[in-house]
Amino acid sequence: MNSRVSYELVETVGVITIDNPPVNALSQAVRAGILDAIRASRADDSKAVLICCAGRTFSAGADISEFGKPPQEPFLPDLLNEIEASDKLVVAALHGTALGGGFETALACHYRIALDSASIGLPEVKLGLFPGAGGTQRIPRLAGVAAAVDLMASGKPITAARAAELGLVDKVVSGELREAALAYTNELLAAGAPVRRVSELDVDPVDSSLFDELRTTLARRARGQIAPLKMLESVQAALTLPFAEGLAQERELFLELMRGSQSNALRHVFFAERTAAKIRGLPRETPRREIKQVGIIGGGTMGGGIAMTFANADFPVVMLEINDAALARGLSIVDRNYDGSVKRGKLSASQATACRELISGTTDYAALAQCDLVIEAVFEDPKLKQDIFARLDKCCKDGAILATNTSYQDVDEIAAATDRPEDVIGLHFFSPAHIMKLLEVVRGEKTADDVLATCMALGKKIRKIPVMSGVCYGFIGNRMLQPYFREGQLCLIEGSTPERVDAAMQEWGMAMGPISVGDLAGLDVGYKAREALAIDERGDPKSFRVSDALVEMGRLGQKSGAGFYTYDAETRVKSSDPVVLEVIVQAAKALDVERREIDADEIVDRLIYSLVNEGLRVVEEGIAQRPSDIDVVYVYGYGFPAWRGGPMHYADAVGLDKVLARVTEFRDRFGAANWTPAPLLQKLAAEGSTIEAWAAAAANG
Ligand code: 3H9
């Protein structure tokens, strides 16, 4: 039919094969090819049609790179109607990941057969959309409203077996799919199976209160996202409107979402995540070192979480602690976390046991001799880290990668403690390490290319999202966090309260407010980090005055039961504490600051634009490879709402002229020390350009 879609007659079955690597996305060429093939099948001797895909997967959906551009015919919903209307039996054969429009294509077929290893999902909500090629109309007809909504609202894939239970797949097989699918098609023909069009089925009626309940649940879960609610509206149409009208409404709502800022932001994050994996100047074929055995130094919260991350991805791990008591404590944290994973349904009891058995403990550095990768995860003491690396240099085998999980320290100085700085790299995990997706891969001045390539690939293997950072204090994420936290603290001194600052940021979309984040991380962490810095490196003294006062009162945050808030010992539920407000008021008095009302807009702009301004410096200095890497870091590591696209995308969406105007206003009000606009912000705003356009030019240049 064309280079992406082929059609051949296998005895009486017309086989349409989509071959559009890597994921058989339904690009315009693929849609056109399928349409031609379906039309050809009408006129030939075939008795039935089989739709399958070459390569690693059935279609993973619409071609996302076409979104945001004018849609090109044939449109997917029309194509699917034409497939469904066929008088000849049409069967879909699924393997790999049949996602979104890919699975909707299968739903337009009359029967579906799947390999047992296949998974099926409707991930459109993750792109700020919902299934827009009949999914909201056809899935409720097969699986019922509740299951359909669950599938489309979560965006999470299900197994072929589960899909069969829900009536979404008719047959599950193992072994060779094409053969099994041809045999199944012939069986259907022999049995005189009817052409079964999902559009002609009725939706099982539901209690009218179900939609109200679902709306309330989705609104709470979606926190600011509109796509899940629009999906619900579209599903409701499946019950109230004839199929064709329901489909028309689905298309209209889908296109409305597609044009909106949320989908634009989420699509940006999708591609940003994949682009972040690419290192400029490092060819794809850069050799990688083989990692079989991993060593972790330090059995604290971080070390334990990192050990679990590797064990969960099937790597044997040896955890080293300074003595038996510390080791026992570390391993017991791991046990507790695995119990938690089982309780939360993340792992089955047998999976948890299998993973746990991969983690062993030692107090002897000699036990690290065979490790291919050793990650140091002890507390932030530069001298201690350098001592550890000097020891690793002596005990680790040649070619082992030596990594530090430091959040702030200079990776080059740590590397200099060894005679093999080319083997040293930063692997900065985020707490809790077995849950958080982000991994900053810190490239030292002397880090070898194959070490970097290995760690980026390994990041994906352990199911993290790796982003490369250069060396600077705090790397990409924590460096930018400093001005963000600073502004949060200054808002307190100037008149706000912890509750109001947190509420403003959460309502805007952050997963947690900055004051609560401080309590969670421990106020003593910043306190100790500042002690290690020269006075002029510590930042605006006003911005840690309250926090330090709380530390000196023994209020270290959640771990001591009190910080900016007080925490219930059992439930950890936080409550306000008038003592803290008193500390804030006293600090303001001592600093001669007159407290005033600060509205939510000012709080949000000060915090978010401080991120943007610092982010642009990070990009200009080359610490981040590209602005979109910063977005990935903030979305996956710091609870930035994905539907706002990350700080860099958000700044473009607001308009750099507006951002600059506000930053300049803050400079005039609060001083240049904290608010000098980044040179890149000034330049791009003056040119009327965007960060995205600048990044595209930089990538090509
Ligand atoms: C939809 O279907 C709407 C319909 O309801 C209605 C329409 C009217 N398009 O992730 P990977 C690229 S919305 C274009 O690294 P993996 C990706 O950018 C769609 N490109 O591989 C990357 O490119 P590169 C609903 C796509 O093995 C390469 O493929 N579907 C698409 O880790 C490899 O990707 C989805 O949302 C696409 N649809 O994971 C599925 N998908 O190498 C989105 C991938 O240049 N995709 N690419 O960086 C996925 O979840 C994963 O890619 C998948 C494979 C699980 C399939």
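**Notebook: hairpin, sheet and ligand shell**

I take helices (H or I, at least four residues) and strands (E, at least two) as DSSP runs, numbered from the N terminus. Two strands pair if DSSP finds at least two bridges between them.

This is a predicted model, where local features need pLDDT of at least 70 and side-chain atom pairs pLDDT 80 or more, while totals for chains, interfaces and linings use all residues. Residues are numbered from 1 along each chain as its sequence is written, and side-chain values use heavy atoms, without hydrogens and water.

I looked up the turn next. E1 and E2 form a hairpin with two residues between them, and valine 10 has valine 13 in E2 as its bridge partner. Glutamate 11, in the turn, has a positive phi of about 55°.

**Sheet**

I traced an open sheet of eight strands with mixed pairing, in the order E12-E11-E10-E13-E14-E15-E16-E17. E12 (359-362) and E17 (465-469) are the edge strands; each has a single partner strand, so one side of each is left without a neighbour in the sheet. From one strand to the next the twist averages 25°. Angles run from 0 to 180 degrees between N-to-C directions, with axes fitted to C-alpha atoms, for helices over the stretch in contact.

Inside the sheet I checked E10 (residues 294-297) and E13 (residues 373-376), which run parallel and are joined by four bridges. Isoleucine 297 is bridged to glutamate 376 in E13. Helix H17 (residues 449-461) packs on the sheet, touching E13, E14 (401-404), E15 (424-429), E16 (438-442) and E17; contact means heavy atoms within 4.5 Å. The direction of H17 makes about 150° with that of E17.

**Ligand**

I found 28 residues around the ligand, the closest being Arg56, Glu104, Glu124, Arg274 and Lys278; a residue counts as near if one of its heavy atoms lies within 4 Å. By class the shell has 15 nonpolar, five polar and eight charged residues, with Gly counted as polar and Asp, Glu, Lys and Arg as charged. H11 gives the most to this shell, with three residues.

I then read off distances to oxygen atoms of the ligand. A polar side-chain atom of arginine 56 lies 2.5 Å from one. Polar backbone atoms lie at 2.8 Å for glycine 101 and at 3.1 Å for glycine 132. The protein covers 78% of the 1,000 Å² of accessible area that the ligand has on its own (Shrake-Rupley method, 1.4 Å probe).

Terms used:
Polar contact = N/O pair within 3.5 Å; in protein donor to acceptor, adjacent residues only side chain to side chain.
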